[in-house]
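This briefing covers selected features of the structure shown below.

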Amino acid sequence: MEVLALLSDGFGAVGGIARYNQALMTALGACPHISGVTILPRFGTPTSPLPDGVVQQPAAGKFAWAARALASAARQKFDLVFCGHLNTVVLAAAIAKARHIPLWVQVHGIEAWEPRGRAVRAGLEAATIVTSVSRYTRRRLLSWSDISPDRVRVLPNTFTVSFVPRSRNTALAEHLGLAGKRIVLTVGRLSATERYKGHDRIIRALPEVLRQVPDAAYLIVGTGDDRSRLEKLAIDEGVAHVVKFAGEVPEADLPDHFAVADLFAMPSTGEGFGIVFLEAAASGLPVIGGNRDGSCDALADGAIGCAVDPDDRAQLVEAISAALQGRQVSQPDAVSRFAIENFASHVDELVRSLAH
Amino acid sequence: MCGINGIHAFHYAANPVDRSELIRTRDHMAPRGPDGAEAWFSEDGRVALGHRRLSIIDLSDAGTQPMASSDGRLVVTFNGEIYNFRALRADLEAKGHVFVSQSDTEVLLHLYASRGEAMVHDLRGMFAFAIWDSTRQVLFLARDPYGIKPLYYADDGWTFRFASQVKALLAGGAISRDPDPAGQVGFYLWGSVPEPFTTCEAIRALPAGCTLTVDRIGAREPRRYHSIAAVYREADALRLPRHDASDVRAELRDALADSVRHHLVADVPVGAFLSAGIDSGALVGLMRSVGQQSIQTVTLAFEEFRGRPEDESLLAAGVARAFETQHTTRVVTQAEFEADLPRILDAMDQPTIDGINTWFVAKAARELGLKVAISGLGGDELFGGYPSFRDIPRWVKLLAVPSHVPGFGRVARRLSQPLVSAVGFSPKVPGLLEYGGTYAGAYLVRRGLFMPWELRQLLDPDVVHRGLRRLAPLARVEAELPPAPASAHAKVASLESSLYMRNQLLRDTDWASMAHSLEVRVPLVDSALLQTVATARAAAPAQVGKELLAESPNVPLPTAIRERAKTGFTTPIGRWIRDARLGAAARRERGLLENAHWSRQWAERLAAI
């Protein structure tokens, strides 16, 4: 099968969706039933050689991208259209319909949680298969669309081998001014419009945590327009001295930041999945997440980490204190289920289901 | 007859099966199987099957389930009865299969080993089962052609769960309880929740006559292997030469006796529900004709009807005398109904406006020590006993032309609505103008509890909108018609059997009887019998009716029963329901529900619970 992949973020792009797409395109390219994958990305310019069987056209603006998609579909014979984001499903469905070929739609998180307009719903319902990054996103999708549940599969996030347990990075701790502290870490965007990651929940929990664990500190990795609000909140709560904003950290330096922490916590309410939980757990950290969204999948219902009600401060305080005091231990083995080998083999199964 | 359940953690990301969850779901079904409870877990922890047993065939431990094949490759959990299991076993033994028990369950294992998923075509009976095939790493589920035995499942994308009851699945604790608007809307439209929907978005019914496989990517699309409309269509296509009337009668009599004989296979006594109707009376007569010596029968009587024409119990007692049964008339009172109501609502797996009568007759049968009883359910669908067989073709003929005029139906309905309600006619009357021009539409009106435009007075408008879109009521009715049998009778029979009987009568019979650990068998709901009746009817329509059923026993039914006008089965239960004080008072009984038929009020109360 020859695949036309319409992606928002292709190879060379950064972020969670980009990483997911790259893993998926690599796995697709390796499937025995797939002869080739042609990627049309909105964003991303490859900086390293692409996997076997995968080619990527240059990124383009919205209209140029759509025109290029139509032109590619008209010019070349494809057997499957892969749509990497619900926002472009109308175009993908039109191509699939015009060429009489199956449509595979990928859904990630919040874009698929709330009811979408008629055109998007029709595009989605035309899909032969939909893959959702988590059970939660799948459930939300099925609540507003009438696509048959047996066409919506779960294909979870995966993580790369660069995240492994390491010895504590004391040099970095010193550099951050957190030497000798027991560190809670959150890695994520600080977005004023979203505000769902739960940085503020942790900051509000800190005074009580400090009473139980006096040497606790909070390290925030990531940047965004919500930072000033969070900084002010830390001052208001009287914990600014133990809250460190590290700003944006290059992906290559993330393993070092995991190695400086004692606990990864992100009591979020808006995760499609939360790949960062996997990276933290694979790095050997105990993990705390929310219990209301796709985080439950990343935490594997408690096998990998502890799921708390994000709005229950007492629960969050207890979970953070317990982990910092060594009462919740890391489960780096449990996270191995999300290894790339399992992901790739599942992609192969999904492709086979389309081929039959 | 039993309760079955299972969990398959099919996805690589899923945790191994939670054993306590399996047991919670299984034991929620204790009344379905009071004689034993077992569970099987695969070595890798990815598959678990549970079973609650009501022992009826092979009472020994050899019949215990879940049952594994001798090589351990296959494991089955099964609810129901395979009536032709002895013939299947003989065939399999001839092919070299070696059996270790006398149970019908073991036949399923060998038949699957021999025929794979095509095995379902060989089965005659009522069944819902799951077979774990460890070689293929596939879970295979199947449900009988009519949907006599229930089977529900939930696939959350990582883990697949199934059980005989929706409430049992929920009792496991791992499945979302989010309501399904299609189930809610369907309940109001028909008085029962139409499959494959349930009241929970996460849970679906495996449709009757379908199989399902679950592999490493999850539950695949259910595959239909039997369709009632197709049986009628094939009978039409056979175009047998017009039979001699006596040939048709003899053939059908044999087929009826054959079905009854098959339905008596058991290692415990088989009794019967008896009313004053032809269906149950003829079945009791046939039980006698095929050689059953001792027959226990049971009839319900109501204090309010004593000495009145509605009292069926005296006529039923006459039938019992004619066939020399050990007969019991069980009197049910309003006080008993009120005392039982909490248990009835608890046992009711999905909301339904019916089933209470079955609750009491099953209770009475169990009090007599019976584990199995024969019921005349299905006679009206098979022999055209409902008014719908007359009304629907008539309406379609009358309204076919105007219904093709764009907008006619809706405008006519809207204009006539105020007039119709002013003179106190049923709200269905204006519905007829909108929907009556097609079989599906006319059926929707005939069997409708509330009409689609009434729903906004009962449910949140958003629920109505989403529910109607997902349910697509007309399309759902239409889906049971292809491959379009030719005769009007066959069309109506297909709809009544695939919708009303399946979603209402059979489901109610299941929960209301299983709550008393009683297995109800329905010889008139049998795919082999259907084939013979459909063929005979296509060849000689006038010969195939209730009269023939009445004449089929060696000793025909008493004349009083045969000549009694069809009155429908009357009970005072409707009035009891009106009187019953439920915790959740009906919110909207003023207005739409004021003076409404009791079933509409009941529906609104049930939905509020």
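How many residues does the contact take from chain A and from chain B? Chain A gives 24 residues and chain B gives 19 residues. The model is predicted.

**Contact between the chains**
- On the side of chain A that touches chain B, at least two residues each come from α5 (135-144), β7 (152-154) and α13 (340-355) of chain A.
- By residue class, this side of chain A has ten charged, eight nonpolar and six polar residues.

**Helix α13 of chain B**
- Helix α13 of chain B runs over residues 388-403, 16 residues in total.
- The end C-alpha atoms of this helix are only 19 Å apart, whereas a straight helix would reach 22 Å at 1.5 Å a residue.
- A bend of about 35 degrees is found in α13(B) at Lys397(B).
- Ser388(B), Ile392(B), Trp395(B), Val396(B), Leu399(B) and Ser403(B) are the buried residues of α13(B).
- The cover over these buried residues includes α14 (408-422), α15 (428-435), α16 (439-447) and α19 (488-514) of chain B.

**Sheet in chain B**
- Six strands of chain B form an open sheet with antiparallel pairing, in the order β2-β3-β1-β9-β8-β10.
- Its edge strands are β2 (36-41) and β10 (204-205) of chain B, each of which pairs on one side only.
- Two bridges join β10(B) to strand β8 (residues 152-155) of chain B in the antiparallel sense.
- Opposite Tyr152(B) stands Ala205(B), in β10(B).

How values were computed. Residues are numbered from 1 along each chain as its sequence is written. Chains are lettered from A and ligands numbered from 1 in the order in which they are written. This is a predicted model: local features need pLDDT of at least 70, side-chain atom pairs count only at pLDDT 80 or more; totals for chains, interfaces and linings use all residues. Helices (H or I, at least four residues) and strands (E, at least two) are DSSP runs, numbered from the N terminus. The expected span of a helix is 1.5 Å times one less than its number of residues. The bend at a residue is the angle between axes fitted to the seven residues ending there and the seven starting there. A residue is buried if 20 or more other C-beta atoms lie within 10 Å of its own, exposed if 12 or fewer, and partly exposed in between; C-beta atoms are placed from the backbone. Two residues are in contact if their C-beta atoms, placed from the backbone, lie within 7 Å. Two strands pair if DSSP finds at least two bridges between them. Ala, Val, Leu, Ile, Met, Phe, Trp, Tyr, Cys and Pro count as nonpolar, Asp, Glu, Lys and Arg as charged, and the others, Gly among them, as polar.
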